[in-house]
Amino acid sequence: MGIPYSYSFRNLWTRRLTTVLTASGMGLVVFVFAATLMLTEGLQKTLVQTGSSDNVVLLRKSSNSEVQSAVERDQASLLESQPEIAVGADGEPLLAKELVVLINLKKRVGDKPSNVIIRGIDPASLKLRPAVRLKEGRMPRPGSAEVVAGESVARRFKGCGLGETLRFGMRDWRVVGVFDAGATGFSSEIWGDRDQMMQAFRRPVYSSIIFRLRDTTAFDAYKARIESDPRLTVEAKRETRYYLDQSEAMAKFLRILGLVLTVVFSIGAVIGATITMYAAVANRVTEIGTLRALGFQRKSILSAFIVEALLLGLCGGVLGLFAASFMQLITISTMNWASFSELAFSFTLNVSIVWKSLLFSAVMGLVGGVLPAFRASRMKIVEALRAT
Amino acid sequence: MAEASEPIVRIRNLSKAYRRGAQIIPVLTGINFDIARGEFVALMGPSGSGKSTLLNLIAGIDSADEGSIQVADVEITTLGESDLASWRAGSVGFIFQFYNLIPVLTAFENVELPLLLTHLNRRERREHVEAVLDVVGLADRMDHYPSQLSGGQQQRVAIARAIVTDPEILVADEPTGDLDRVSAEEILQLMDRLVREFGKTVVMVTHDPRAAEKAHIIRHLEKGELSVT
């Protein structure tokens, strides 16, 4: 048996002030680390929740997003008649041919323009997105110049509130309803009648086709058949995959930014931990000599100081996570680079981020503690005892 | 009594020098010295005479340049770092001038420390610790931290720590050096009791003639050489 853990713990407790100050420095780094992970997680969660795994999105081959895609009408009618498409309670196929266009709207605060997705929908569109619920007003009447706005758009953009009027596609559109789409990307969209919009925007083709699979396991076979059909130029993606791909560019950017910040900050924090642990060793030279004289091996001394540094790091981890958990109250609205439109999402903390942050803080403690711990373990007993 | 028994410590031709830069300073030169089991030996001598070095060598915390040291038939000069540490854990009890208790551990935990290196379980350790704290008369202070104890009490905890593993020899470096006269007297009586009642062998370095009086044998070191008094 080695030196008890309580020895390491109580030494930290005895010099509480130093411990808290050093741990705070490390906590700051863990905060930045956790916050960027939470931001990435929030972004991906928002976009992935937008999709549903038994829905399939059909886009023109090699288009990254609905905005870039175009599906010809003749291809659409072929795709409409495939056997894999589920049928709704009303006997109609659960398939929507949609139009997606970007327009520029001014924000209510600051008057700055930003891109907003306009989606021309089919009657089946709502059934395909169970997360979307009408919150106020009513859905637009087919064949009319009426739209419904996602909650996030209605709140943040001029002319998008209930009863207001928007001008785009050389027409005026009345906002007759506001829908709630939970934490999904649809909250940042405006929906209206597809045929009216195709007229207004002079678009002869659809942007995408979305449908529900009759049997969710049939996807791979369906995809293989559709993509090898010489009459078709579309590719099929599960809706979840489609939105995950959309978030990838931004998530990658956030990850790199987070990594760079964290690495730079953590160097400082590790140096702080090293100084603290060196001071701890220097103050306890006689103690170390005594433990060695009593018969504790070098490796026991080494591990006692490493445990102390690990605990110090974990204190920092807990402090940083505690602070980062408050970030969940904040919602960020920014440009989604894949669709070039506004997207609102919040910092999201999950168990995996908690573990990663704690592991990261422990590693910082370990790196900071290794040199001082080695120094402690390599002291000559006689010299250490003479330090009294 | 001392003459009749086999020596527990047998030192032959022991030499030790320190290097300070290019200079070599001899500390001990060709020491021959036996200590019988159950003896109370005081090492005296002026500063720099090498008495602490001799004590450290017997206790296995310093290494000799030449010669042999046998403690209870174990030749300790040939033991490696790790074996020496294990040997110390089982065979040597340390008593220091400044007690050297671990400030963040209670009296009980301080005394328990050497037992963590044995195979005793928690319950057996508790029994041993309580027994030795009772011997030094501090059974009622076992949950106190060193800072809550007087100097004399701290030294008694340190003595309990030194005897808890029932070692072959006890080494004491100026055990009364930091104590007032009354506490010093108590500590010396306790050490005397350990020798008489429990048959311990004690090697003590001291400046204090009153402390040396308690010993059976006083050895003087001068310029690295021993003389008998």
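I took a salt bridge to be a side-chain nitrogen of Lys or Arg within 4 Å of a carboxyl oxygen of Asp or Glu. By this rule I counted 39 salt bridges over all chains.

I note that this is a predicted model, in which local features need pLDDT of at least 70, side-chain atom pairs count only at pLDDT 80 or more, and totals for chains, interfaces and linings use all residues. Residues are numbered from 1 along each chain as its sequence is written, and side-chain values use heavy atoms, with hydrogens and water left out.

Entry on A:Lys97. I found A:Lys97 in a salt bridge with A:Glu80, with the closest N and O atoms 3.1 Å apart. A:Lys97 belongs to strand β2 (residues 95-106) and A:Glu80 to helix α3 (residues 73-80) of chain A, so the pair ties together parts 17 residues apart in sequence. Helices (H or I, at least four residues) and strands (E, at least two) are DSSP runs, numbered from the N terminus. A:Lys97 is buried at 12% relative accessible area, whereas A:Glu80 is partly exposed at 32%. Buried means under 20%, exposed over 50%, and partly exposed in between (1.4 Å probe, protein chains only).

Entry on A:Glu239. I recorded a salt bridge between A:Glu239 and A:Arg129 at 3.7 Å, N to O. A:Glu239 lies in helix α8 (residues 239-283) and A:Arg129 in the loop between α4 (124-128) and β4 (133-137) of chain A, 110 residues apart. Both A:Glu239 and A:Arg129 are buried. I also found these two in a network of salt bridges that links A:Glu66, A:Glu98, A:Arg119, A:Arg129, A:Glu189 and A:Glu239.

Notes: Chains are lettered from A and ligands numbered from 1 in the order in which they are written.
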